[in-house]
Amino acid sequence: MKLITTENMRSFFGDEPVISASVRVTKGCNLRCRHCYANGGACLKNELKTDEMKKVLKDLSEAGCLSVFFTGGEPFLRNDITDIFKTTSDLGMSVMTSTNGILVTEERLKEVKKTNMKLFQISLDSSTKNYHDFIRGEGSFDKAISALRMTSRILGKNIGVGTVLMKNNSKDIGNIMKLATDLGADNFALNILLKSGRANIKLDPTTKEKIEAIRDVFRTFKELKGKIKFTNNTTIPPFLIPPELRDELYEKFCFCSFPYLLAVESDGNVAPCDGFLGLKNFELGNVRKDSINEIWEKSKMMKKIRSIKPADMKGVCAKCIFKESCMGGCRAAAYLEYKDMKMPDPVCQHIYEAGLFPKDCLKS
């Protein structure tokens, strides 16, 4: 799939739409996870009210948005969250969300079931209580497990488990995937640690540990034989997909809609994606002052980002066979590490520099 460039986007869509969006409905959170790149905790002083949130969603729909991923903080801290989901669904957009599961109830899940929920993701960072609770807080493991069982029973499908790859769970990833399947999840997201907010290098696995953990998750995927699939928000670089699985998996989760997406902070600030929220030099505007369409059309930053072509990519991206569609992997991770939007995702570059990049994925 090669829709990344401006020319291909215009050819396919007839324009340059906002394909997808992430909306951080609150910065407030009932946990203080050690790896939280959003630095969730206290609510911001001036978070968007229900009517303002609905206006943002209407604007996104009119800008061509197909799906909205609701994040936090903890989305279920908002009393109006299922109403927000319903509005999104009524506007014809797919709904996705990620939660720690603690505030999920049967009543709320029954409201969720009425919406076009394409992914209801619950975070799980270990197959055992000790490490999950160490990362997220005492009692959070049992509550996440309970929430997964309840969600599976009520929703029945599109249930995901989201796991952040860290040093102390790198040998547990396959077990987490198996547990997710046992609890009724049919989707799994493995996300590389984004070193921002509370996350830091001490939590990050070594390059070899990352490679082995990702191999483990694909071994487990094959063992489970179709019982679970990867979500679109999985951040595994495409060259790490085993050759025999590339045709099946590549376009399912290795195609990010960046730079044809926007992220909205709970106070209305807008950034190119969720990973850029909070970075002052990437603030595109605020929805209280301008509409989504005005921000999208007028932003010099977004025009500059959208002008980057595959041929402009640096580092290992210049040699990688996937650069035309991958376009460097996570752009937020690349910027945080190198301060350069044309550099590769650090995971890719580190693997290349270690001499471990698969030769069949490099142009001769």
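In the predicted model described here, Thr163 stands opposite Leu190 in strand E6. Helices (H or I, at least four residues) and strands (E, at least two) are DSSP runs numbered from the N terminus, and residues are numbered from 1 along each chain as its sequence is written. Because this is a predicted model, local features need pLDDT of at least 70 and side-chain atom pairs count only at pLDDT 80 or more, while totals for chains, interfaces and linings use all residues; side-chain values use heavy atoms, with hydrogens and water left out.

Strand E5 (residues 159-165) pairs with strand E6 (residues 187-192) in the parallel sense, over 6 bridges. Two strands are taken to pair if DSSP finds at least two bridges between them. Both strands belong to an open sheet of 10 strands with mixed pairing, in the order E7-E6-E5-E4-E3-E2-E1-E8-E9-E10. At its edges are strand E7 (229-230) and strand E10 (285-286), each of which pairs on one side only. Helix H6 (residues 140-155) lies across strand E4 (117-123) and E5, and runs at about 160 degrees to E4. Axes are lines fitted to C-alpha atoms, for helices over the stretch in contact, and angles run from 0 to 180 degrees between N-to-C directions.

Asn191 is found in strand E6. With a relative accessibility of 16%, Asn191 counts as buried (buried means under 20% relative accessible area, exposed over 50%, partly exposed in between, with a 1.4 Å probe and protein chains only). The side chain of Asn191 reaches the backbone oxygen of Asn233 at 2.7 Å. Not counting residues up to four places away in sequence, Asn191 touches Thr163, Val164, Leu165, Asn233, Thr234 and Thr235, where contact means heavy atoms within 4.5 Å.

A nonpolar core is a set of buried Ala, Val, Leu, Ile, Met, Phe, Trp, Tyr and Cys residues joined through side-chain atoms within 4.5 Å. The largest such core has 101 residues, of which Leu60 and Phe188 touch the most other members. Its largest share, 8 residues, comes from H6. A second, separate core of 7 residues includes Tyr131, Ile135, Val164 and Met166. Beyond four places in sequence, the residues touched by Phe188 include Val161, Thr163, Ile173, Ile228 and Phe230.

Helix H13 (residues 331-338) and helix H14 (residues 346-353) pack at an angle of about 65 degrees, with their axes 8 Å apart. In this contact, Ala333, Ala334, Glu337 and Tyr338 of H13 meet Pro346, Gln349 and His350 of H14. By class, the contact has 4 nonpolar, 2 polar and 1 charged residues; Ala, Val, Leu, Ile, Met, Phe, Trp, Tyr, Cys and Pro count as nonpolar, Asp, Glu, Lys and Arg as charged, and the others, Gly among them, as polar. Arg331, Ala332, Ala333, Ala334 and Tyr335 are buried in H13, and the buried residues of H13 pack against H14. Lys339, which follows H13, has a positive phi near 55 degrees.

Most residues other than glycine have a negative phi, and most peptide bonds are trans. In the loop between strand E1 (20-24) and helix H2 (50-62), Asn39 has a positive phi near 55 degrees. Asn39 is partly exposed, at 42% relative accessible area. Asn158, in the loop between H6 and E5, has a positive phi near 60 degrees and counts as buried at 16% relative accessibility. The peptide bond from Gly72 to Gly73 is cis, with omega near 15 degrees; Gly73 lies in the loop between strand E2 (67-71) and helix H3 (81-90).

Notes: A polar contact is a pair of N or O atoms within 3.5 Å; within protein, one must be able to donate a hydrogen and the other to accept it, and residues adjacent in sequence count only if both atoms are side-chain atoms.
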